[in-house]
Structures are given as structure tokens and as C-alpha cells.
Amino acid sequence: MSWVVRLAIGGIMVLFSLFSYYGKSSVNPITGEKQRISISKEEEVAMGLQSAPGMAREFGGQHRDPRVNELVARIGRKMAATPIAQKGNYPYKFFALVDPRTVNAFALPGGPIFITEALLSRLETEGQLAAVLGHELGHVFLRHSAEHMAKAKLIQGVAGAAAVSGVDPTGGMVANNVANMVNLKYGREDELESDHWGVMLMVQAGYDPRAMIRVMEILEKASGGSRAPQYMSSHPSPADRAERLRAIIAKQFPNGVPGNLIK
């Protein structure tokens, strides 16, 4: 295939990817910002509900202690009942998972939220659990998964076009590496945005937002200092997140955090 034909095909692929990405958008009711999202909220909810059982199995299934399940569900419901979360209008569901080794919490598109025993057992207060669940709620109503899928599809399309049109046979590999780096950047931005809205949820639910800073210290200790460079990680370092949280809290409470909030 001549280089002219390859360039033409690559150009068409780029234009199609750009049209698909920029041709679909929606305004988030909580942030008021326009998001490039290619699936509906109904599709998002269906995707999360369909994926939830399989994801739970990957982490050993639901926790076997009903008291643990009730604790996570109770604090989750309290956080989900806040005006901000309710405005998102998702069927939020909260699950404790039995995995004792993987320190993790995560949200699926459309509402399912999980926390592992490995992380739950390290938390010291109700407020810290609220911080973790509030952060994951942020991922749901900010539609990070749907936004990320649309971005990934665009980047994959452009990377594929580079592979088709590039004269250098390594062009496709380089393009895919760049695509992966950009996707990691989006992940870090999502985490920081969810931290911000998690603080807002905590305050609305009556929790001391400084508990989220303590969660970052717990995560830092759990990592054992073995972290990849930030530019190679989908999450900012817990220490950096803690600093940003201190700035957010100081701005919201210039006269100090009220003493009547639950820690």
C-alpha cells in the first residue's frame, strides 16, 4: 500500500474518531460542566449492574460477616442521601468484599461501590469509612467511567490511525504508548476531582472532612513506599492528595473545622 493511500486512510480514521468523540456530550447536573460521553445514563447503570457480580467474585465475594455488610451499607446510604449525591440520581449500592490482601475501594459505572476487607480493616473511624465511600460516590455521579471510555475510544482511534499511516513500523507502538500515558493522566485528574467532591459529601453528611486526610496516610503506609513515578501511575500519591485536601478544607473552613462533625 502506498504511503499516500495509508495517509488518506489514517486521516479518515482520525476524522471519524474526532467526530464520534465531539459529536456526543451531556451536561453534568452536579458540576454544570459539559462532558464528552457516548453512552446514556441508563446504559451506564446497566453496565455497572451487569459487571458487579463478576467484580465481587474477583475479590473473594461479598463479606461473610453481616455486621460488616450492614456497616458499609449504612454509612454508604448516609453518604448517598446527601443533596449532592441525590442530584446525581443513581441507584447507589454498597458492598464489603472478603479480600484480606488487596487494599482497595472502587466504583463501577452507574452505582455499585465496593470496599475490600484489607482496606476496611485498616480504617480507624466511621468518618474514614465515609471518606472512602464519598470518594467513590464522586466517581459515580461525576461519570468518570463513561467519560474515560469515550476518551479511550478517541485515543485508540487516533493511535490506530498513526499505526496505519506511519511509515516507521514502530509508529503504532509509540502511538499506543502515548495513548496509555494520556489515559493515566485522565485517571489522576479523576481521583483529585473525586477527592474534592468527597469532601463536600462528608460535610453534608455531618462528617469531619479531615478524616479523608487520615485515609491518605493509611494508604501511604499500606503502599510501603513502593510506588511507580506519578507520570506512570493512574493515581496521584497519597501524600500529594493529602496536601490538596488540606487546601480544600482550609478554603471551605477558613475559621477552622467545626468541632461537632463526626470524625
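This is a predicted model: local features need pLDDT of at least 70, side-chain atom pairs count only at pLDDT 80 or more; totals for chains, interfaces and linings use all residues.
Biologist: What makes Leu15 count as exposed?

Modeller: The cut-off for exposed is over 50% relative accessible area. Leu15 has 58% relative accessibility, so it counts as exposed. Leu15 lies in helix α1, residues 3-22.

Biologist: What about Asn89: is it buried or exposed, and how do you know?

Modeller: Asn89 has 59% relative accessibility. Exposed means over 50%. Therefore Asn89 counts as exposed. Asn89 sits in the loop between α4 (83-88) and β3 (93-97). Its phi is near 60°, a positive value in a residue other than glycine.

Biologist: Why is Arg143 called buried?

Modeller: Buried means under 20% relative accessible area. Arg143 has 9% relative accessibility, so it counts as buried. Arg143 also has a positive phi of about 60°, although it is not a glycine.

Biologist: Where is Arg143 found?

Modeller: Arg143 is in the loop between α6 (126-141) and α7 (144-165). That places its positive phi just after α6.

Biologist: Let us stay with α6. How do you know that its span agrees with its number of residues?

Modeller: At 1.5 Å a residue, its 16 residues should span 22 Å. The end C-alpha atoms of α6 are 22 Å apart, which agrees.

Biologist: Why is α6 described as largely enclosed by the rest of the structure?

Modeller: Count its buried residues. In α6, 15 of the 16 residues are buried, so the helix is largely enclosed.

Biologist: Now the rings. How many aromatic pairs are there?

Modeller: The count comes to five aromatic pairs. A pair of rings is described by the distance of the centres and the angle of the planes.

Biologist: What makes the pair of Tyr90 and Tyr92 tilted?

Modeller: Their centres are 6.3 Å apart, with 50° between the planes. Pairing needs centres within 6.5 Å. Stacked means under 30 degrees and edge-to-face means over 60, so the rest count as tilted. The pair of Tyr90 and Tyr92 is therefore tilted. Tyr90 and Tyr92 are buried. Lys41 lies over the face of Tyr90, at 4.7 Å from the ring centre.

Biologist: Why is the pair of Phe141 and Trp197 called edge-to-face?

Modeller: The angle between the planes is 90°, and the centres are 6.3 Å apart. Phe141 lies in helix α6 and Trp197 in helix α8 (residues 171-205), so the pair ties together parts that are 56 residues apart in sequence. Both Phe141 and Trp197 are buried.

Biologist: Which residues do ring pairs link into a cluster?

Modeller: Phe59, Phe95, Phe106 and Phe114 are linked in that way.

Biologist: How many salt bridges does a search of the whole structure find?

Modeller: The search finds 10 salt bridges. Side chains of opposite charge can pair when their charged atoms come close.

Biologist: How do you know that Glu70 forms a salt bridge with Arg77?

Modeller: Their closest N and O atoms are 3.2 Å apart. The cut-off is within 4 Å, so Glu70 and Arg77 form a salt bridge. Glu70 has 40% relative accessibility, so it counts as partly exposed. Arg77 is partly exposed too, with a relative accessible area of 46%.

Biologist: What makes Arg214 and Glu217 a salt bridge?

Modeller: The closest N and O atoms of Arg214 and Glu217 are 3.1 Å apart. That is within 4 Å, so the pair counts as a salt bridge. Both residues lie in helix α9 (residues 210-223), three residues apart, about one turn of the helix. An α-helix has 3.6 residues a turn, so residues three or four places apart point the same way.

Biologist: And why does the pair of Arg246 and Glu217 count as a salt bridge?

Modeller: The distance is 3.9 Å, N to O. The limit is within 4 Å, so this pair counts. Arg246 lies in helix α10 (residues 238-252) and Glu217 in helix α9, so the pair ties together parts that are 29 residues apart in sequence.

Biologist: Which residues are linked in a network of salt bridges?

Modeller: Glu124, Arg214, Glu217, Glu243 and Arg246 are linked in the network.

Key
Residues are numbered from 1 along each chain as its sequence is written. Side-chain values use heavy atoms; hydrogens and water are left out. Helices (H or I, at least four residues) and strands (E, at least two) are DSSP runs, numbered from the N terminus. Buried means under 20% relative accessible area, exposed over 50%, partly exposed in between (1.4 Å probe, protein chains only). Rings of Phe, Tyr and Trp (its six-membered ring) pair if their centres lie within 6.5 Å; planes under 30 degrees apart count as stacked, over 60 as edge-to-face and the rest as tilted. A charge sits over a ring if NZ of Lys or CZ of Arg is within 6 Å of the ring centre and within 35 degrees of the ring normal. The expected span of a helix is 1.5 Å times one less than its number of residues. A salt bridge is a side-chain nitrogen of Lys or Arg within 4 Å of a carboxyl oxygen of Asp or Glu.
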